[in-house]
Amino acid sequence: MKWQPLGLGLWLVVWPLAAGWPHSEEATVSVKTYTPITVDGTLDEWVRRLESSNWNGRMEVQKGQVLKWMRAVPTYLNGLTSLVESGVVASPQDLSATIYTLWDAQWFYVAAVVTDDDVVTQHDGADIWQDDAIELWFDCRHDAVTHTLSQDDEYQLGFSPASRGRNRAVAWAWRNPQNEPVIAAMQVASALTPTGYLIEAAVPWSVLHGCEAPSVGKMIGFNISIADKDADQQWTHVTWSGSLHSDPSQFGHLYFVDAPVDLFPSDVFEHPSGVSFWSGEPKDRHE
Ligand SMILES: [Ca+2]
Ligand SMILES: [Ca+2]
Ligand SMILES: [Ca+2]
């Protein structure tokens, strides 16, 4: 990456076009949840809904009827903005994904909405990385001192959906001296969708050495990969941050934040004076 002067105090970031993607050093945010997440393959509880009493008709007409949204921050992976480390991404329909995370004092939660034109899962256990799967990479101390992942605070966690080839979702852990407690403690569920699949999973902090006590403001090293196998059996692997998925020094950053917009995203909704906002359990507006 180079900075090029454009005059008038403006500078342009110029990315090298040669082969070899620079370290992208991505960053994303995990929002604290104050309501429980049930790992069942449906993401209803990841969605914040509005109650009709929160509204006046004028605002709905003016600003659109946005009645629900994911309260977690999305992170996007696709063949254009992420690194295709192996294989080929033919189109967003072939492989792309949106990853969400939430956290509380006990659990780290992940939801992946994956677009994949052919969901293929043929392996089990430690071999699920060869199939359609998502992978989360942790460097809990964010010290980024190894290039191969083997320290006690480093983990590769994989989640692969149920499909016609394997009738249950599988979660696995690699690259840590203590993988077994993680594998035993993880929860995972999946569902096929019209355009691919979704994964919902949870990992207790207690089994992730170095990550045991999350708090607002904490940051860890974090990376995300998605693997795609289709009928042609070609294995495609796409990674969010850096040029090598397993190098903690190229991981992105995951920041743990509180839930500052637990009610409304301020860019969509105004705050009319005199209106008391609902802050209770989610209700479906359409019920
Ligand atoms: Ca759920
Ligand atoms: Ca595909
Ligand atoms: Ca696939």
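Biologist: Which residue in β15 stands opposite Ile-134?

Modeller: Ile-134 stands opposite Ile-226 in β15. This is a predicted model, in which local features need pLDDT of at least 70 and side-chain atom pairs count only at pLDDT 80 or more, while totals for chains, interfaces and linings use all residues. Residues are numbered from 1 along each chain as its sequence is written, and chains are lettered from A and ligands numbered from 1 in the order in which they are written.

Biologist: In what sense do β10 and β15 pair, and over how many bridges?

Modeller: Two strands (E runs in DSSP of at least two residues, numbered from the N terminus) pair if DSSP finds at least two bridges between them. Here β10 (residues 133-139) and β15 (residues 219-229) are antiparallel over 7 bridges, and β10 also pairs with β11 (residues 154-160), again in the antiparallel sense, over 6 bridges, with Gly-158 in β11 as the bridge partner of Glu-135.

Biologist: How many residues of β10 are buried?

Modeller: A residue is buried if 20 or more other C-beta atoms, placed from the backbone, lie within 10 Å of its own. In β10 this holds for 7 of its 7 residues, with Ala-133, Glu-135, Trp-137 and Asp-139 on one side and Ile-134, Leu-136 and Phe-138 on the other, whereas buried residues make up 36% of the 287 residues in the chain.

Biologist: Where does pLDDT stay under 50?

Modeller: pLDDT is the predictor's confidence in each residue, from 0 to 100, and the chain averages 82. It stays under 50 over residues 262-287. Where pLDDT is low, the predicted coordinates should not be read in detail.

Notes
Contact = placed C-beta atoms within 7 Å. Buried ≥ 20, exposed ≤ 12 C-beta atoms within 10 Å, placed from the backbone. Helix = DSSP H or I, 4+ residues; strand = E, 2+ residues; numbered from the N terminus.
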